[in-house]
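Subject: Structure handover and findings

Dear colleague,

I am passing on the structure below, and my notes on it follow. Please read them alongside the coordinates and send back any comments.

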Protein chains: 2
Amino acid sequence: MITDQEEISRRLNIKGYRLTKQRLAVLKVLQSTKSHPDANWIYEKVRKEIPQVSLGTIYRTLGILKEAGLLRELNYASSLSHYDANTENHAHVVCTNCGRIDDLPLSLPHKLEVQASKATDFLIADHRLEFYGLCPHCCPSSAD
Amino acid sequence: MITDQEEISRRLNIKGYRLTKQRLAVLKVLQSTKSHPDANWIYEKVRKEIPQVSLGTIYRTLGILKEAGLLRELNYASSLSHYDANTENHAHVVCTNCGRIDDLPLSLPHKLEVQASKATDFLIADHRLEFYGLCPHCCPSSAD
DNA sequence: TATAATATTAGTAACGATTATCATTATGGT
DNA sequence: ACCATAATGATAATCGTTACTAATATTATA
């Protein structure tokens, strides 16, 4: 998670983008939460600081921050994009009832990536590992 | 892949659905291809057999067939749903350039599923493993 | 500090995939 | 054949996301 403003600015400049208060606000909001919010949630949070901000700016900004490697986009079954300030590749657990998404400190064994590369003639660059199930709140017979 | 019409009918009936020629046509089209087509592609194919079919029926049917366990829905970054007649859990490779999706005869080691279950308090029921990269056609310096 | 060149914004319209609505048609059981 | 109910086709509505545009802000340069 990149919090140094100089570094954020540098990363944007590489791509020809400027660091504006809107962009910083979006990134700060995203970095301030462990959840994986969608664009609208970020919009509502940013509005508290910059009331006249528009949803279009949020979308544009998220795309730019992603391009600059400052966040990662996740697409789930809801056909709604969620964003994550953690750009390290990691697994997720998704609640199929309420949509909650948690990180999972788990990485795919290198062996499996090699196996995948051998099994296809695609040039593999990345992967995604997701688990689906019910979160504690949605679990019908939880013991807690 | 379930091809026996009796069995297809039985699976639909369990959920209170009937087997119609539109539903059979959608399933047949999906079973006839190794690709993972989207609703519109299926629509175009089904139209050749049933010209007056509507796109709404395709969507409705795909949802019902999924509910009956006759197909699986995949959601990718394109925010477009793709469908797969293979209901076995398996990995996919997705071309980040042209969107082509291939099967990968690879399954997650059971050990990893156990590891995931221990790392979270979610009740895990399913998982998805996807690799991203470039397919042979989109690979800039392919040796073939 | 003025000025020009360019990037960014807010606001709004447009888009595309998917869903809902509804009158008509088909199906299955009696 | 008749009735109850499910399914269809056509079309309108929905919703997340993108594109457009005139106004504003930022940066570089003189």
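In this predicted model, chain A can be laid on chain B with an RMSD of 0.1 Å by a turn of 180° and a shift of 0.0 Å along the axis, where copies are superposed by least squares on the C-alpha atoms of residues with pLDDT of at least 70 in both. That is the relation of a two-fold axis, and the C-alpha of chain A nearest this axis is that of Leu129(A), 2.3 Å from it. The copies meet through the same surface, because 100% of the interface residues of chain A are also interface residues in chain B, contact meaning heavy atoms within 4.5 Å.

As to conventions, residues are numbered from 1 along each chain as its sequence is written, while chains are lettered from A and ligands numbered from 1 in the order in which they are written. Local features need pLDDT of at least 70 and side-chain atom pairs count only at pLDDT 80 or more, whereas totals for chains, interfaces and linings use all residues, and side-chain values use heavy atoms, with hydrogens and water left out.

Of the atoms of DNA strand C that come within 4 Å of the protein, sugar and phosphate account for 77%. Phosphate oxygens of DNA strand C take part in several polar contacts (pairs of N or O atoms within 3.5 Å; within protein, one must be able to donate a hydrogen and the other to accept it, and residues adjacent in sequence count only if both atoms are side-chain atoms): a polar backbone atom of Arg18(A) is 2.6 Å from a phosphate oxygen, a polar side-chain atom of Thr20(A) lies 2.6 Å from one, and a polar side-chain atom of Tyr59(B) lies 2.3 Å from one. The elements that give two or more residues to this surface are α2 (21-31) and α4 of chain A, helices being DSSP runs of H or I with at least four residues, and strands runs of E with at least two, numbered from the N terminus.

Around DNA strand D there are 16 residues, and the closest are Tyr59(A), Arg18(B), Thr20(B), Arg23(B) and Thr57(B). Sugar or phosphate holds 78% of the atoms of DNA strand D within 4 Å of the protein, and the rest belong to bases. Helix α4 (55-67) of chain A, together with α2 (21-31) and α4 (55-67) of chain B, each supply at least two residues of the surface near DNA strand D.

Kind regards

Conventions
A residue is near a molecule or strand if one of its heavy atoms lies within 4 Å of it.
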